[in-house]
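I am opening a notebook on a structure that is new to me, and I mean to write down what I look up in the order in which I look it up.

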Amino acid sequence: MSEGDGYPGLTDPATTVFSEAQLAEVRRLQSLYPDPRGALLPVLYMAQETFGWISLPLEEYVATLFGLSPAHVHEVVTFYTLYFREPPGRHVVSVCHNLSCHLAGAPGIIAHLRQRLGVDPGETSEDGRVTLLSVECLCACEAAPMMQVDDRYELNLTPTKVDRILEGLA
Amino acid sequence: MPRLTVNGKQIEVPAGTNLIEAARHAGVEVPHYCYHPSLSIAGQCRLCMVDIEKAPRPTIACNTVAADGMVVLTETDRVRETRKSIMEFHLINHPLDCPVCDQAGECWLQIYYMQHGLYDPRMTDEKVHKPKAVPLGPHVILDAERCILCSRCVRFCDEITGTGELGIFERGDHSEIGLFPGTELDNKYSGNVVDICPVGALTDRDFRFQVRVWYLETAKSVCAGCARGCNIEVHVNRRRPHHAEGRRVARLKPRVNADVNQWWICDAGRYGFGFVDDNDRLLAPTRREGGTSSDATWDEAIGAVAAALRRLSPDEVGVIASPRMANEDLFALRRLLDICAVRRVGAQVPPRVPGDEDHILIRADKNPNSLGAELMGLGGDARPVLDAARARQLKCLWIFGHDLMASRWPEAEVLEALRAVETIVFTGTNANRTSERAHWVLPAAAWVERDGTYTNFEGRVQRFRQAVEPLGQALAEWEMLDRVLAALGEAPSATRAEHWFRRLATVVPAFAGLSYQALGDTGRLVAGSVAARAPR
Ligand code: SF4
Ligand code: SF4
Ligand code: FES
């Protein structure tokens with residue numbers, strides 16, 4: 001790359017930037033890998049935790065921390081499903097639709113959630129409260145059907161239990 | 001140097017050679033998509049599978065380094081079966097729209113499918129659909145459905161230009177090539193991704209749908225866009241002229257020359273041929289008297305120039321030669337000037353906008369033959385010639401190619417010079433504001449319409465060959481100079497550019513020992529050039 005002119009990116013510079021402490025953490029993470037690029041995933045998670053989702057300007061900002069072209073950060077963000085490319089709701093509900101849960105009634109659970117929230121999987125309820133996702137195996141087949149609500153597992157689901165859980169979400 | 005056998009043939013290759021290149025040494029082509037000799041190994045397409053004796057299963061050749069004693073087999077039943085399956089995978093979601101695809105006829109999916117394909121598709125599911133006909137930038141257009149995700153284009157932008165515009169986004173069968181949203185593929189070498197894309201995913205916006213590739217004829221040539229002298233092929237459309245509204249030059253493609261341009265050319269060079277078939281081409285000799293122009297015959301034009309040269313004293317004649325002229329032209333001019341003892345000559349006219357330059361190929365000097373002009377003693381600054389004209393010392397000024405009105409010289413001074421000279425002769429391919437003011441206009445053939453050689457900035461003399469006939473009555477400069485020489489009583493010496501090159505090689509020391517044959521397809525360095533002395 002010729003010095004001076006950066007990689008092609010958006011014209012608006014990123015307004016979202018890390019604090020000094022976070023930048024130190026970025027450097028620490030980068031030093032853990034033979035190729036600092038290895039730290040891209042954890043740094044993207046940091047970004048997501050800080051700003052809620054990964055916007056294009058944020059991808060571009062992260063790219064500058066690694067000397068990468070924004071296109072290559074975009075590759076990573078679009079490859080993985082756990083980065084939000086749009087602002088999610090205040091809570092994220094991920095229902096497992098894989099084999100065990102499917103056999104144990106996941107389709108009914110998903111249908112119930114769709115009806116209660118008025119959204120399809122992949123969408124966020126109008127009030128911005130819940131993003132509904134249907135996902136692959138979350139490794140809790142013994143308690144199927146199950147879903148993940150933010151960072152906790154909810155097991156052995158029934159429609160009644162789902163209603164109770166939803167009521168608890170502000 | 002490992003010694004190995006490929007399909008029974010013993011070969012020895014440099015250490016570190018991969019099996020695709022090693023097989024080439026044995027005259028064996030291993031089918032492949034993602035491997036490109038100048039890019040990093042991606043191992044992405046899996047088509048280059050070969051059998052290696054004692055290995056349990058076929059291995060990709062691109063990422064396997066030749067080792068001593070290796071026994072490589074590229075055509076076992078198992079390898080052929082593997083290739084067939086891989087082709088089937090590549091085509092699962094391919095739209096098979098060859099009839100409307102510009103790549104058809106030079107597509108590596110078509111070629112390998114004919115050789116290794118499985119002819120009964122087994123897919124019954126709906127194919128995954130992706131964006132089609134997406135302009136990526138000024139020159140390149142993407143059809144994501146046809147992409148086989150070999151990543152050559154991505155690696156080109158990462159490793160050759162370092163601009164990193166392209167990426168592979170999403171995952172699995174939804175993966176697709178694209179740009180970071182909001183950006184363009186507009187680096188100075190973007191056209192090369194079209195060349196290296198093995199399929200019809202990336203095609204050329206300029207060439208697209210002009211003419212089917214099987215109607216094209218090609219000539220080996222050299223780019224005239226700057227002092228690098230990248231090796232190119234000129235692709236011309238003679239057989240279907242109605243397909244492109246009379247545009248004869250269909251496209252320029254890079255031609256590999258390890259010492260000059262490797263596999264690449266810049267976009268300015270690639271798309272810089274528009275003038276050849278432009279409406280402002282000069283088609284016949286013309287004479288301008290009292291503000292009106294009229295066509296003349298070559299005999300009249302040559303006669304007038306010869307008469308002026310005979311009549312005037314050498315000091316009353318000035319010549320602004322051009323570093324865009326071929327060596328042959330410049331030498332013929334040198335000969336003419338020597339005979340007439342004309343010494344007021346220069347070739348360098350400063351461009352209005354200084355040329356851009358980079359560390360890849362592009363040179364600031366946008367002339368293909370500045371060094372050639374210099375070696376012929378014609379490469380000097382043309383400013384003294386202009387000043388002589390302004391000082392009313394010249395009666396005849398012969399300008400080759402330059403549009404002085406578009407140079408960095410102040411327009412008023414150029415006008416003053418042009419008004420002060422009795423007879424202005426202009427030789428060039430296209431009309432411009434200088435030719436408009438000439439009393440005699442002698443139409444020149446464009447570089448793709450004739451043979452010749454240029455000497456690049458490193459001193460490499462390279463041939464360019466005729467690809468199309470000159471438009472109208474245009475002649476190569478050496479031809480018109482030959483006629484002027486004949487009119488002045490010189491015995492005619494040349495019927496081909498090569499004849500002038502032979503004379504040049506016997507007279508100009510730097511060219512000693514060179515001939516068209518010796519130059520071959522990739523050129524030779526002049527004696528004493530910097531590049532010839534530098535260790536390689
Ligand atoms: S667009 Fe062409 S070069 Fe790029 S990955 Fe696809 S097939 Fe390969
Ligand atoms: S670098 Fe110069 S010679 Fe090469 S393609 Fe570009 S203009 Fe032509
Ligand atoms: S050429 Fe070897 S995997 Fe593509």
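This is a predicted model: local features need pLDDT of at least 70, side-chain atom pairs count only at pLDDT 80 or more; totals for chains, interfaces and linings use all residues.

**Cores.** Next I asked which residues have the most contacts inside the largest nonpolar core. That core has 82 residues, and the ones I was looking for are Leu4(B), Leu19(B), Tyr33(B), Leu166(B), Trp447(B) and Val448(B). Apart from it I found another core, of 53 residues, which includes Ala321(B), Ala444(B), Leu475(B) and Ala476(B). I noted beside this that in soluble globular proteins nonpolar side chains tend to be buried together. Returning to Leu4(B), and setting aside its neighbours within four places in sequence, I listed its contacts, among them Ile11(B), Val13(B), Leu19(B), Ala66(B), Met70(B) and Val72(B).

**Helix H3 of chain B.** In this helix, residues 108–116, I found Leu109(B), Tyr112(B) and His116(B) buried. Seen down the axis, the buried residues fall within an arc of 75°, so they line one face of the helix. They pack against helix H2 (77–91) of chain B.

**Helix H12 of chain B.** Here, in residues 477–487, the buried residues include Glu477(B) and Asp482(B) as well as Trp478(B), Met480(B) and Leu481(B). When I looked for what covers the buried residues of H12(B), I found, among others, helices H7 (298–311), H8 (327–340) and H13 (497–507), together with strand E19 (423–428), of chain B. The helix is followed by Gly489(B), whose phi is positive, near 100°.

**Val194(B).** I located this residue in helix H5 (residues 192–196) of chain B, and it is buried, since its relative accessible area of 7% lies under 20%. Not counting residues up to four places away in sequence, Val194(B) touches Val140(B), Leu202(B), Thr203(B), Asp204(B) and Lys253(B). I also noted that Val194(B) and Cys153(B), 41 residues apart in sequence, are 8.1 Å apart in space, C-alpha to C-alpha.

**Ligand 2.** Last, I asked which residues surround ligand 2. Among them are Cys223(B), Cys226(B), Arg228(B), Cys230(B), Cys266(B) and Leu361(B), and the shell as a whole divides into seven nonpolar residues, three polar and one charged.

Notes. Residues are numbered from 1 along each chain as its sequence is written. Chains are lettered from A and ligands numbered from 1 in the order in which they are written. Side-chain values use heavy atoms; hydrogens and water are left out. A nonpolar core is a set of buried Ala, Val, Leu, Ile, Met, Phe, Trp, Tyr and Cys residues joined through side-chain atoms within 4.5 Å. Buried means under 20% relative accessible area, exposed over 50%, partly exposed in between (1.4 Å probe, protein chains only). Contact means heavy atoms within 4.5 Å. Helices (H or I, at least four residues) and strands (E, at least two) are DSSP runs, numbered from the N terminus. The arc is that of the directions from the helix axis to the C-beta atoms. A residue is near a molecule or strand if one of its heavy atoms lies within 4 Å of it. Ala, Val, Leu, Ile, Met, Phe, Trp, Tyr, Cys and Pro count as nonpolar, Asp, Glu, Lys and Arg as charged, and the others, Gly among them, as polar.
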